Amino acid sequence: MYRYDEFDQDFVNARVAQFSDQVERRLAGEITEDQFRPLRLMNGVYLQLHAYMLRIAIPYGTLSSKQLRMLAHIARKYDKGYGHFTTRQNIQFNWPALSDMPAILADLASVEMHAIQTSGNCIRNVTADHFAGAAADEAADPRPYAEILRQWSSVHPEFSYLPRKFKIAVTGAERDRAAIQTHDIGLHLKKNAAGELGFAVYVGGGQGRTPMVAKKIRDFLPQEQLLAYCTAILRVYNLYGRRDNKYKARIKILVHETGAEEFARQVEAEWDALKDGELTLPAEDIAAIDTYFAPPALPPRPEGDQSIKEARLDSKSFAEWLDQNVITHRNPDYAAVTISLKGIGEVPGDASDSQMDAVADIAETYAFDEVRVSHEQNLILPHVARADLRAVYDRLVEIGLATANSNLISDIIACPGLDYCALANARSIPVAQNISKRFADLERQRDIGELKLKISGCINACGHHHVGHIGILGVEKKGAELYQVTLGGSGDENTSIGEIIGRGFGPDEITDAIETIVDTYLAVRTDRAEKFLDTYRRVGPAPFKEALYAGETKAA
Amino acid sequence: MKVLTGNRLTDGEAVWYAPDGTFAETIVGAELASDKAAEERLEAIGKRAYADNLILDVELIDVEVIDGAIVPQRLRERIRAAGPTNRTDLGKQARPAPAAAAGFDGGGI
């Protein structure tokens with residue numbers, strides 16, 4: 001894992017001291033809210049419906065046990081005993097007092113964490129494949145590059161006042177688990193024919209009120225050019241991105257209005273001036289960062305096969321969890337485990353302080369002290385010996401985190417919605433909870449197969465509804481909640497934006513509507529192997545529309 | 001009818017202006033404005049509370065009085081007055097005080 005050097009620690013400590021002073025002056029009435037607001041946002045402090053909210057950065061979703069224990073401590077001491085993991089691989093606390101922020105940030109700094117750049121029109125937390133460094137299918141670990149980007153973008157003077165926020169994601173595998181095509185910049189780390197590492201560069205993806213799939217503007221960027229090329233992109237955006245209209249200020253609008261080809265030409269021209277200059281990454285610097293992310297020494301554990309075989313026979317629920325929540329590791333004696341934060345009827349992404357502590361303990365004992373947060377709001381143990389899977393499972397059962405639903409319909413992404421968020425128009429969490437309860441039966445979920453359901457409580461799309469196989473968008477209509485359904489979205493290497501299927505549904509209709517959609521899929525799929533998304537792409541919206549609305553047309 | 005609401009600077013707690021001149025942690029007993037003059041008075045109080053660095057996000061919101069209880073018209077404000085609908089153990093609804101009289105019924109989901 002990356003460890004702060006002296007510079008990092010001094011910088012974060014200095015920021016804690018600076019913000020503590022700002023909080024003190026604000027509480028003393030020496031600075032106004034208009035003056036303070038941009039300062040608190042730069043430090044991740046929002047004001048929501050019930051209280052302040054603190055969003056803490058978890059760079060590329062990687063946490064040590066010690067850091068996770070600190071998050072548990074903050075939940076317990078300063079909040080109400082839980083935290084909410086987000087689709088940017090961050091964590092949010094929903095109830096902290098402003099007067100406690102200095103103490104919280106000091107606690108975070110003691111474990112090399114902070115909340116800087118989790119808000120504002122700057123480069124936000126860089127996200128990465130949550131299986132990075134463990135996945136069998138990756139060309140290389142994307143996190144060293146995410147860390148290089150983090151260092152480069154932290155309080156970057158040129159890019160701290162962009163037209164709008166800016167999000168970067170990196171994946172190192174052909175199978176995109178980081179949703180790079182929905183990002184302002186998406187980077188796909190890969191090898192060229194000569195075996196050299198570089199990136200396919202995507203620009204101008206995003207969700208929100210104008211969803212766009214990113215355009216590939218370069219097929220292979222040599223790795224040493226990463227910062228020069230990203231600087232070129234940001235410069236073009238900073239210069240031409242619209243500052244006159246908040247809703248047209250993201251780079252996706254600029255790329256769309258300029259045209260991808262012309263935009264790419266402008267970036268390349270800018271890059272020409274920067275190429276091979278001081279932003280070129282020296283090989284030894286990349287290697288130095290790389291060493292921080294060296295995989296743990298994984299001792300041979302060949303007994304895994306036999307112990308799993310026995311455990312499978314011993315417990316059906318373990319076998320189901322194994323099939324659903326455990327994936328192949330690059331080392332055949334090991335596996336990567338998804339800890340579902342989507343227990344049936346639970347709040348997607350929420351974990352209690354005691355659950356966080358327990359996961360930290362499990363990671364320390366069985367997973368080389370490392371935990372990941374996925375953008376799908378689950379936790380990951382990236383390196384677990386197959387021989388230890390049963391023990392890990394048993395520990396997860398004890399803390400209520402062994403739900404075997406990874407990638408199934410109850411593995412829902414949901415934003416906090418109107419239950420917490422000042423921007424929301426409708427609730428998300430209760431919708432997710434009800435759908436989860438309706439499809440509680442695991443056998444039924446497994447029969448339905450892979451189905452990514454994503455819910456947002458407003459058009460800002462924090463719940464990624466545009467790229468849900470089934471997406472749900474909550475809106476307010478005539479003072480009541482209404483839920484619009486989109487179908488056919490996807491956030492992987494074949495990214496697509498879901499299409500609105502028809503009129504929206506009231507809070508008491510939406511669960512039934514989802515069930516109708518699922519039943520329609522089951523009726524029209526060719527066989528069990530044809531996934532929901534594949535079926536939708538084959539048959540289109542017609543059968544789903546028919547099932548949802550035919551009665552109305554006839555009645556009309 | 002309208003009431004004056006906002007969030008307290010120190011801890012972000014949702015509060016409502018009460019007839020005793022304080023910002024109370026519950027909407028129960030908030031001062032009601034039922035004509036333009038009363039609204040303007042509350043608006044001025046809100047502006048002053050903001051300028052005095054006491055209250056943020058100051059707003060006059062529409063409410064009804066149902067069976068003697070003040071009920072905000074918008075769901076957003078009903079949730080602010082009660083707490084998260086999925087966690088009735090949190091927020092004002094979890095307190096022994098008569099905050100439940102905010103009249104939020106769970107909202108039908």
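Two residues are in contact if their C-beta atoms, placed from the backbone, lie within 7 Å. Helices (H or I, at least four residues) and strands (E, at least two) are DSSP runs, numbered from the N terminus. The model is predicted: local features need pLDDT of at least 70 and side-chain atom pairs count only at pLDDT 80 or more, whereas totals for chains, interfaces and linings use all residues. Residues are numbered from 1 along each chain as its sequence is written, and chains are lettered from A and ligands numbered from 1 in the order in which they are written.

**Exercise 1. Chain A as a whole**

Task: Determine how the radius of gyration of chain A agrees with that of a compact globule.

Solution. Step 1: the radius of gyration is taken over C-alpha atoms, and the globule rule is 2.2 Å times the number of residues to the power 0.38. Step 2: for 556 residues a compact globule would have a value near 24 Å; chain A has 23 Å, so the two agree. Step 3: the C-alpha trace of chain A spans about 60 × 60 × 60 Å along its principal axes. Step 4: chain A holds 18 helices and 20 strands. Step 5: among contacts in chain A with a separation of 6 or more, 68% join residues 24 or more positions apart.

**Exercise 2. Burial of helix α5(A)**

Task: State how many residues of α5(A) are buried, and what covers them.

Solution. Step 1: a residue is buried if 20 or more other C-beta atoms lie within 10 Å of its own, exposed if 12 or fewer, and partly exposed in between, with C-beta atoms placed from the backbone. Step 2: in chain A, buried residues make up 54% of the 556. Step 3: α5(A) is mostly covered, with 9 of its 11 residues buried; among them are A:Tyr145, A:Ile148 and A:Leu149. Step 4: the cover over these buried residues includes the strands β3 (62–64), β6 (127–128), β7 (168–171) and β8 (185–191), together with the helices α6 (226–240) and α9 (283–292), of chain A. Step 5: A:Gln151 also lies in α5 (residues 143–153), but A:Gln151 counts as partly exposed because it has 16 C-beta neighbours inside 10 Å. Step 6: just after α5(A), A:Val155 takes a positive phi of about 40°.

**Exercise 3. Two helix pairs**

Task: Classify how α1(A) and α4(A) are oriented to each other, and then α7(A) and α8(A).

Solution. Step 1: axes are lines fitted to C-alpha atoms, for helices over the stretch in contact, and angles run from 0 to 180 degrees between N-to-C directions. Step 2: angles under 35 degrees count as roughly parallel, over 145 as roughly antiparallel, 65 to 115 as roughly perpendicular and the rest as oblique. Step 3: the axes of α1 (residues 6–27) and α4 (residues 101–109) of chain A come within 9 Å and cross at roughly 175°. Therefore α1(A) and α4(A) are roughly antiparallel. Step 4: their contact involves residues including A:Val16 and A:Phe19 of α1(A) and A:Leu105 of α4(A). By class, the contact has 9 nonpolar, 2 polar and no charged residues, where Ala, Val, Leu, Ile, Met, Phe, Trp, Tyr, Cys and Pro count as nonpolar, Asp, Glu, Lys and Arg as charged, and the others, Gly among them, as polar. Step 5: the axes of α7 (residues 251–258) and α8 (residues 260–274) of chain A come within 6 Å and cross at roughly 110°. Therefore α7(A) and α8(A) are roughly perpendicular. Step 6: A:Leu254, A:Val255 and A:Thr258 of α7(A) meet A:Ala260, A:Glu262 and A:Phe263 of α8(A), a contact of 4 nonpolar, 1 polar and 1 charged residues.
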